[in-house]
Amino acid sequence: MPELPDVEVYCEALEQRVAGRELVRVRLRSPFLLRSVRPPLSEVEGRTVVSVRRVGKRIVFGLEGELFLAIHLMIAGRFRWAGPSAKVPGRVGLAAFDFGYGTLLLTEAGSKRRAAMHLVAGEDGLATLDRGGLEVLRAGPEAFRARLKAENHTLKRALIDPRLFSGIGNAYSDEILHRARQSPMRWTTRLSEEQADRLYRSAVDVLTEWTDRLRAQAGGRFPAKVTAFHPEMAVHGRYREPCPRCGAPVQRIVYAENECNYCARCQTGGRLLADRALSRLLKKDWPKTVEELEERLGGSAGEPAG
């Protein structure tokens, strides 16, 4: 799922191409995309785009007359920039937004249609789509610490909760926790002030660095490869690959359609966190440490990276 860095770079690319331009028409291929009724979608046609911004993980087009077209890409939704009156792709196409000199295509891979679009009137209408999460890059450590400890959750759960923090999802929460050397299963209320501040600094650094990195990769072109998995990431999507800090194999916990990636040596004092499915399968044979796991797999736990 595109998260804060990806959505920010999308917004920048879109603003360069559509701000000040007339949205001629919207061609809706999938009726499941539009989740609002009033105002009708026809109201956007012929209006000028006055702004493009991020609200959580949504990309919001501000149109003249205080109308806002908000799009949540969910897991597999993606944008493409094409020529005038470009055809909506048959199998994956959801909609086309015609701007006269170019077309913004919205696609979604897979069979499930989760991407969502809302058309709302006024800032009050837009506020109903905002889950209220703290914008970490615009907040200080005190506000971050207060939000973190407002409810008692695991750190992983807290970081991805849109009511608590805005725009952070599965991928960047893994990277933030690894950077901060914190266990994803540690309880928020048990963090010291110093640990909470270290987590804040890690969040700011990771989100800023990846926004800059993705912006540089786009190089002024429209972002073409928006993905939750990047080979340069420290732990996310790198199960059993060496941790770039210590060399130990990256571990994971799989749950529902998500997974949590972490380094046991850097984040949990060498202790393996129980994976629900494997724990039930292995029971007493579940290894307790990364060294024990590697011994059973016939390898080594890895040497610290030089």
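Tutor: A residue is called buried if its relative accessible area is under 20%, exposed if over 50% and partly exposed in between, with a 1.4 Å probe and protein chains only. This is a predicted model, in which local features need pLDDT of at least 70, side-chain atom pairs count only at pLDDT 80 or more, and totals for chains, interfaces and linings use all residues. Residues are numbered from 1 along each chain as its sequence is written, and side-chain values use heavy atoms, with hydrogens and water left out.

Student: Which of the two words, buried or exposed, applies to F144 and F165?

Tutor: Both F144 and F165 are buried, which means that each has under 20% relative accessible area.

Student: What makes F144 and F165 an aromatic pair, and why is the pair called stacked, edge-to-face or tilted?

Tutor: Rings of Phe, Tyr and Trp (its six-membered ring) pair if their centres lie within 6.5 Å, with planes under 30 degrees apart counted as stacked, over 60 as edge-to-face and the rest as tilted. The centres of F144 and F165 are 5.0 Å apart with 40° between the planes, so the two form a pair, and that pair is tilted. By this rule the count comes to 7 aromatic pairs.

Student: How do you know that the charged end of R213 sits over the ring of W210?

Tutor: The rule asks that NZ of Lys or CZ of Arg be within 6 Å of the ring centre and within 35 degrees of the ring normal. R213 lies 4.4 Å from the ring centre of W210, and R21 lies over the face of Y101 at 3.8 Å from the ring centre.
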